[in-house]
Amino acid sequence: MGPKKDTKETSATAKKKDTTAATTTTATASAKKPTKPTSSTTASGKDATKVVTKDRKEKVQTKALKAKQRVVRGNQLTRKRKIRTKPRFRRPFTLRLQRQPKYPRRSVPKRNRLDHFAIIKYPLTTESAMKKIEDNNTLVFIVNIRANKPLIKQAVKKMYDVDAEKVNTLIRPDGEKKAYVRLKADHDALDVANRIGII
Amino acid sequence: MAHVTCCQIREKSSNELENILNNLHEELNTLKIQRQNFNKIENIRKSISHVHIVQNQTTKDNLREFYHGEKYKPKDLRPKQTRAMRRLLTPKEESISLTKTQKKKLAFPKRTYSVKD
């Protein structure tokens, strides 16, 4: 720091000389060391800046020293203790990072085995099923036992292009699931059955 | 379409395979409604499984290529072996020894003798 200080002083004095001589400014001085251009105008201003720069230097020094000490020592001296107004200590919120996996655990996600082909097995063509088609505007399907009503609705929509008003299901004694799919009023079950091939 | 074999469809793109799959499923549906042609039904079921085989094999192969040389691979692309074998020391780790023992080995190697008749 020593030699640097000297150069600063010399530059300041040089500046002083320059301005006392006359006119312009700190072209040379500023080339040597960066200072504020405004500070180098008047003679009185010159004195003031000389003092300021020295002081400022010391200030900066002590500040740097303090920062270093703080880093080494840790913030023990000026740390304030928290005022606790309640007897209960609750776990504080800490940082919870999101997962950033380095690799996916499975290379390929599992394929959905219960797709609409697997849900609807086949439509029933028994006499009572036929009756349902004609009278109640419903189709009767044998359905995968793991399918539920909304899934059945979606599957029927996807496969046969019909909207279902409601789906009723039951599990037959032989372990198969039967679904009564009542179609919406704007569909005719008889037509749909013809189209599918049930009739 | 009687029977789809894996050889026939290996060169197809994934879109084409999807189409083939859909067609097969629809055929299967119509047959199931008719409740006849059980042989044909079986053929179609097998064809569907062939398409799935080809799909899965190609995706797996592509993924293996993709992860080739990477440090972290998905676990199903790593060698399966057995649980215990995966936890063993690698051959390199096994062969590490102290300089002390290395020096000893050099200084006092195992000698073989034979008896002179």
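**Exercise 1. Is Ala189(A) buried or exposed, and what is its relative accessible area?**

*Solution.* Start with the ground rules: this is a predicted model, where local features need pLDDT of at least 70, side-chain atom pairs count only at pLDDT 80 or more, and totals for chains, interfaces and linings use all residues. Residues are numbered from 1 along each chain as its sequence is written, chains are lettered from A and ligands numbered from 1 in the order in which they are written, and side-chain values use heavy atoms, with hydrogens and water left out.

Step 1: get the cut-offs. Buried means under 20% relative accessible area, exposed means over 50%, and partly exposed is in between (1.4 Å probe, protein chains only).

Step 2: apply them. Ala189(A) has a relative accessible area of 0%, so the residue is buried.

Step 3: Ala189(A) sits in helix H7 (residues 189-196) of chain A. Helices here are DSSP runs (H or I, at least four residues), as are strands (E, at least two), numbered from the N terminus.

Step 4: look at the neighbours. Leaving out residues up to four places away in sequence, Ala189(A) touches Ile133(A), Asn137(A), Thr138(A), Leu139(A) and Leu183(A); a contact means heavy atoms within 4.5 Å. Met130(A) is 59 residues from Ala189(A) in sequence, with 10.0 Å between their C-alpha atoms.

**Exercise 2. Describe how chain A and chain B are built, one after the other.**

*Solution.* Step 1: take chain A. It has seven helices and four strands, in the order α-α-α-α-β-α-β-α-β-β-α. Of its 199 residues, 27% are buried. Take the contacts in chain A with a separation of 6 or more: residues 24 or more positions apart account for 56% of them. Chain A exposes about 15400 Å², with 53% of that supplied by carbon and sulfur atoms. These accessible areas come from the Shrake-Rupley method with a 1.4 Å probe; for residues, only the protein chains shown count as cover.

Step 1: take chain B. Buried residues make up 21% of the 117 in chain B. Chain B exposes about 10000 Å², and carbon and sulfur atoms supply 53% of it.

Step 2: check the confidence. Chain B has a mean pLDDT of 93, and 98% of its residues reach 70 or more; pLDDT is the predictor's confidence in each residue, from 0 to 100. Within chain B, the lowest confidence is in helix H1 (residues 6-9), at a mean of 89, and the highest is in helix H4 (residues 83-87), at 96.

**Exercise 3. How many aromatic pairs are there over all chains? Classify two of them.**

*Solution.* Step 1: state the rule. Rings of Phe, Tyr and Trp (its six-membered ring) pair if their centres lie within 6.5 Å; planes under 30 degrees apart count as stacked, over 60 as edge-to-face and the rest as tilted. The count is three pairs over all chains.

Step 1: Phe141(A) and Tyr160(A) have ring centres 5.6 Å apart and planes at 5°, so this pair is stacked. Phe141(A) is in strand E2 (residues 138-143) of chain A and Tyr160(A) in helix H6 (residues 149-160) of chain A, so the pair ties together parts 19 residues apart in sequence. Phe141(A) is buried at 0% relative accessible area, and Tyr160(A) is buried at 8%.

Step 2: Phe66(B) and Tyr67(B) are edge-to-face, at 5.0 Å centre to centre and 80° between the planes. Phe66(B) is exposed at 57%, whereas Tyr67(B) is buried at 12%.

**Exercise 4. Which residues supply 39% of the area that chain A buries against chain B?**

*Solution.* Step 1: size up the interface. The contact takes 19 residues from chain A and 17 residues from chain B. Together the chains bury about 1500 Å², 61% of it on carbon and sulfur atoms. Buried area is the accessible area (1.4 Å probe) that two parts lose on being put together, summed over both.

Step 1: name the residues. Tyr103(A), Ser107(A) and Phe117(A) supply the 39%, more than any other three residues.

Step 2: look at the ring of Tyr103(A). The charged end of Arg78(B) sits over this ring, 4.6 Å from its centre. Arg105(A) lies over the face of Tyr103(A) too, at 3.9 Å from the ring centre. The rule asks for NZ of Lys or CZ of Arg within 6 Å of the ring centre and within 35 degrees of the ring normal.

Step 3: note the scores. The predictor gives the complex an ipTM of 0.76 and a pTM of 0.66.
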